[in-house]
Amino acid sequence: MAHLLACIAAVFLIAAPLRAADATDELRLTVIEPFTIAKTEDLRFGLLTVEGAGTVSIDAASGERTITGGVTGLGSGFGPAIFTTRGESNGRVRIRIAERKAVLTHAGGTAQLTVRRLRHSLRGNRRQRLDEAGYLTFGVGGRLNIRANQPLGTYEGTFTVEAQYE
């Protein structure tokens, strides 16, 4: 008997009419300028002669080169790295250098140099505003430490700049 009542109840549930309800919603989408960052200039310390330990610094904002110790700078082939971001007009971006130092390795060898104090030319690590055209350009400089017995040659390395669009 209980089994029969359960079957009858199941039939009534299945046979009950379905009720439908309609609702509408608006769809919205805003398409914005894609956010990009590009390097337009490398960080360059220029040609150097080394008679003893010293440092070479490149100022991120002015591009000025400062040399200390037994290092002498030659020529004018130096300057900060230059980066340009592009996004929505007046958008906001946070720029950060992933690590404050980078290692340069002798081309064709294993000798290394260290660039410390990598810094950008913007005001602190706060959010920066893109200009009316959607651009923000900034420099990155640092201080290269040179040992007295540094092997001669070309040294290369990389560092990472992070740009977070907000």
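Which residue in β9 is the bridge partner of Val 56? That partner is Leu 144. The model is predicted, so local features need pLDDT of at least 70 and side-chain atom pairs count only at pLDDT 80 or more, while totals for chains, interfaces and linings use all residues. Residues are numbered from 1 along each chain as its sequence is written, and side-chain values use heavy atoms, with hydrogens and water left out.

**Terms for strands**

- Strands (E, at least two residues) and helices (H or I, at least four) are DSSP runs, numbered from the N terminus.
- Two strands pair if DSSP finds at least two bridges between them.

**Pairing around β9**

- Strand β9 covers residues 135-146, and strand β2 covers residues 47-58.
- These two strands, β2 and β9, pair in the antiparallel sense over five bridges.
- Val 56 and Leu 144 are bridge partners in this pairing.
- Strand β4 (residues 81-86) runs antiparallel to β9, and six bridges join them.
- Arg 86 stands opposite Tyr 135 of β9.
- Strand β7 (residues 112-120) is antiparallel to β9 too, with five bridges between them.
- Val 115 has Leu 144 in β9 as its bridge partner.

**The three-stranded sheet**

- An open sheet of three strands has the order β8-β5-β11, and its pairing is antiparallel.
- The edge strands, β8 (127-129) and β11 (161-165), each pair on one side only.
- From one strand to the next, the twist averages 35 degrees; axes are lines fitted to C-alpha atoms (for helices, over the stretch in contact), and angles run from 0 to 180 degrees between N-to-C directions.
- Strand β5 spans residues 92-97, and three bridges join it to the antiparallel β8.
- Arg 92 stands opposite Arg 129, a residue of β8.

**Salt bridges**

- A salt bridge is a side-chain nitrogen of Lys or Arg within 4 Å of a carboxyl oxygen of Asp or Glu.
- By this rule, the count is three.
- Side chains of opposite charge can pair when their charged atoms come close.
- Accessibility is given for each partner below: buried means under 20% relative accessible area, exposed over 50%, and partly exposed in between (1.4 Å probe, protein chains only).
- Lys 39 forms a salt bridge with Asp 42, with the closest N and O atoms 2.5 Å apart.
- Lys 39 is partly exposed at 47% relative accessible area, and Asp 42 is partly exposed at 42%.
- Glu 41 and Arg 44 meet through their side chains in a salt bridge of 3.2 Å, N to O.
- Glu 41 counts as partly exposed at 38%, as does Arg 44 at 29%.
- Glu 162 forms a salt bridge with Arg 96, and their closest N and O atoms are 2.9 Å apart.
- This pair links distant parts of the chain: Glu 162 is in strand β11, Arg 96 is in strand β5, and 66 residues separate them.
- Glu 162 has a relative accessible area of 36% and is partly exposed; Arg 96, at 40%, is partly exposed.

- Asn 90 has a phi near 60 degrees, a positive value in a residue other than glycine.
- Asn 90 sits in the loop between β4 and β5.
- Its relative accessibility is 30%, which counts as partly exposed.
- Arg 117 is not a glycine either, yet its phi is positive, at about 55 degrees.
- Arg 117 lies in strand β7.
- With a relative accessible area of 46%, Arg 117 is partly exposed.

- Thr 55 belongs to strand β2.
- Buried or exposed? Thr 55 is buried, with a relative accessible area of 16%.
- The side chains of Thr 55 and Thr 68 are joined by a polar contact of 2.5 Å.
- A polar contact is a pair of N or O atoms within 3.5 Å; within protein, one must be able to donate a hydrogen and the other to accept it, and residues adjacent in sequence count only if both atoms are side-chain atoms.
- Leaving out residues up to four places away in sequence, Thr 55 touches Thr 66, Ile 67, Thr 68, Val 71, Arg 143, Leu 144 and Asn 145; contact means heavy atoms within 4.5 Å.
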